[in-house]
Amino acid sequence: MKEAHRRRVLVTGGAGFLGSHLCDRLVQAGHDVLCVDNFYTGSKDNIAHLLREPNFELMRHDVTFPLYVEVDQIYNLACPASPVHYQSDPVQTTKTSVHGAINMLGLAKRVKARILQASTSEVYGDPACHPQQESYWGHVNPIGLRSCYDEGKRCAETLFMDYHRQHRVDVRIARIFNTYGPRMHPADGRVVSNFITQALSGQPLTVYGDGSQTRSFCYVDDLIDGLIRLMEAEGDHSMPVNLGNPCEVSMLDIARKVLAATGSRSPIVMRPLPSDDPRQRCPDIARAAELLQWAPTVDLDEGLRRTVAYFAQRMRDEGTVPAAVNDAATPAPTAAKAAGSRRNSAVASQAGAVVVPAGVVPAAVRG
Ligand SMILES: NC(=O)c1ccc[n+]([C@@H]2O[C@H](COP(=O)([O-])OP(=O)(O)OC[C@H]3O[C@@H](n4cnc5c(N)ncnc54)[C@H](O)[C@@H]3O)[C@@H](O)[C@H]2O)c1
């Protein structure tokens, strides 16, 4: 890479799911990358392969405390992203979003760096319009269990816009929709990782509500491409930009796709919908298409195949043999595990859950 294009880039939350993929891409592109993380949800395993690269550096640091480093660009990704993680210490979650944003914006102001905020579709709350455009202000509960995350991210956006208007900081705001792929946390309670780990270990797949609620899922490589394009776009692009995959899929459909991708014979069980769970979320990505010439390229079947391969390999490395996977290299499930799988299916039925055999759609969801 020519010296003029080589940048010093800070990635907060760089040891997390998205952050580690972003570090990969930036290191490959020849930039000097400083990954900052407090390992709250991130893992050294995600970035271990980068430690031998001369243009990669790792620093343990909590973004709720100030940081002074000389950089040209800052990607602010530090924040737990899944409800199980961000709800386990909600005060720390709000602090990470708000104090973290203040500290990183203060740094950007001092060193005149461009700064990108990893915001979220959660700023739209349980949206009253579909698909969501950036101009929609959202429908958010300020006092619910998700509020530490949703309102923390909304406040961070406010800070980004105010640092831009008041201090002329060059800001970018990416509103990220559900993203999945290798290095997701296996136990983060999110739908894709839940379904895959359940399917691979022969457990029933848990669908909340009647399974007709939809989500859109973006494969991680596409998302990272969008983040880099937004950061690199010349001109004033301070307004939020949605990044996500607009292809909507129902929970039940994704459960069935996971069963197909893993080759699992697990049943699907229905459970009551948790409070504050949005019924539908789908990005309008017209702004990203126009400003960044960006659109997702990896379809759900292909993305799931790659993600399943990652989870299956991880289970093998940890010594837990996947119960089923569409991969000739995968050892067959042991008799004990298969028996465990049958036991689990029986438990799901006994607990009063509605059990949907793989491939069968309940009447409420058809059409
Ligand atoms: N993954 C998604 O689908 C998604 C969707 C919308 C928004 N986002 C946003 O993208 C960012 C990354 O999400 P992710 O899925 O990679 O989550 P993740 O939990 O895997 O990564 C977050 C990283 O931030 C680190 N971190 C948390 N608090 C910190 C602190 N106080 N100081 C320093 N580091 C801290 C964690 O250790 C972890 O490495 C988050 O800001 C999240 O809100 C993600």
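Biologist: Which residues come nearest to the ligand?

Modeller: This is a predicted model, in which local features need pLDDT of at least 70 and side-chain atom pairs count only at pLDDT 80 or more, while totals for chains, interfaces and linings use all residues. Residues are numbered from 1 along each chain as its sequence is written, and side-chain values use heavy atoms, with hydrogens and water left out. A residue is near a molecule if one of its heavy atoms lies within 4 Å of it. There are 31 residues around the ligand, and the nearest are L18, D37, T41, Y149 and K153.

Biologist: How far from an oxygen atom of the ligand is the polar side-chain atom of H185?

Modeller: A polar contact is a pair of N or O atoms within 3.5 Å. The backbone takes part through F17, with a polar atom 2.9 Å from a ligand oxygen, and through L18, with an N or O atom at 2.8 Å from a ligand oxygen. For the polar side-chain atom of H185, the distance to a ligand oxygen is 3.0 Å.

Biologist: What share of the ligand's exposed area does the protein bury?

Modeller: Accessible areas come from the Shrake-Rupley method with a 1.4 Å probe. Taken alone, the ligand exposes 820 Å², and the share of this buried by the protein is 99%.

Biologist: Which element gives the largest share of the shell around the ligand?

Modeller: Helices (H or I, at least four residues) and strands (E, at least two) are DSSP runs, numbered from the N terminus. Those giving two or more residues to the shell are α1 (17-28), α4 (90-111), β5 (114-120) and α5 (147-167). The largest share, three residues, comes from β5.

Note on methods: Polar contact = N/O pair within 3.5 Å; in protein donor to acceptor, adjacent residues only side chain to side chain.
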